[in-house]
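I opened my notebook to go through this one step by step. Here is what I looked up.

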Amino acid sequence: MQALANIAGLPSLDRLNLVITHRKPTGNNEETIRRQLESGNPLNARLVFPEQGKRLDF
């Protein structure tokens, strides 16, 4: 995320929708990945974790 901020500029990424896909669903990996992304979100991006069969609206 920081590399993206360096390229685009931090203000342009505030509340940017980032759709997180291809998480590893075995065990508690999915929840671990989610916590890591949420805790390491210095850009204040809006992290979207889609669920199968549910529509995404932006």
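I counted 8 positive and 6 negative side chains in the protein, and the centres of the two sets lie 2 Å apart. Lys and Arg count as positive, Asp and Glu as negative, while His and the chain ends are left out. Each charge is placed at NZ of Lys, CZ of Arg, CG of Asp or CD of Glu.

**Ground rules**

I'm looking at a predicted model, where local features need pLDDT of at least 70 and side-chain atom pairs count only at pLDDT 80 or more, but totals for chains, interfaces and linings use all residues. Residues are numbered from 1 along each chain as its sequence is written, and side-chain values use heavy atoms, without hydrogens and water.

**Layout**

I found two helices and two strands, in the order α-β-α-β from the N terminus. Those are DSSP runs numbered from the N terminus: helices are H or I with at least four residues, strands E with at least two. The C-alpha trace spans about 35 × 25 × 15 Å along its principal axes.

**Inside and outside**

I noted that 19% of the 58 residues count as buried (under 20% relative accessible area; exposed is over 50%, partly exposed in between, with a 1.4 Å probe and protein chains only).

Then I checked F58, which sits in the segment after β2 (46-48). Is F58 buried or exposed? F58 is exposed, with a relative accessible area of 62%.
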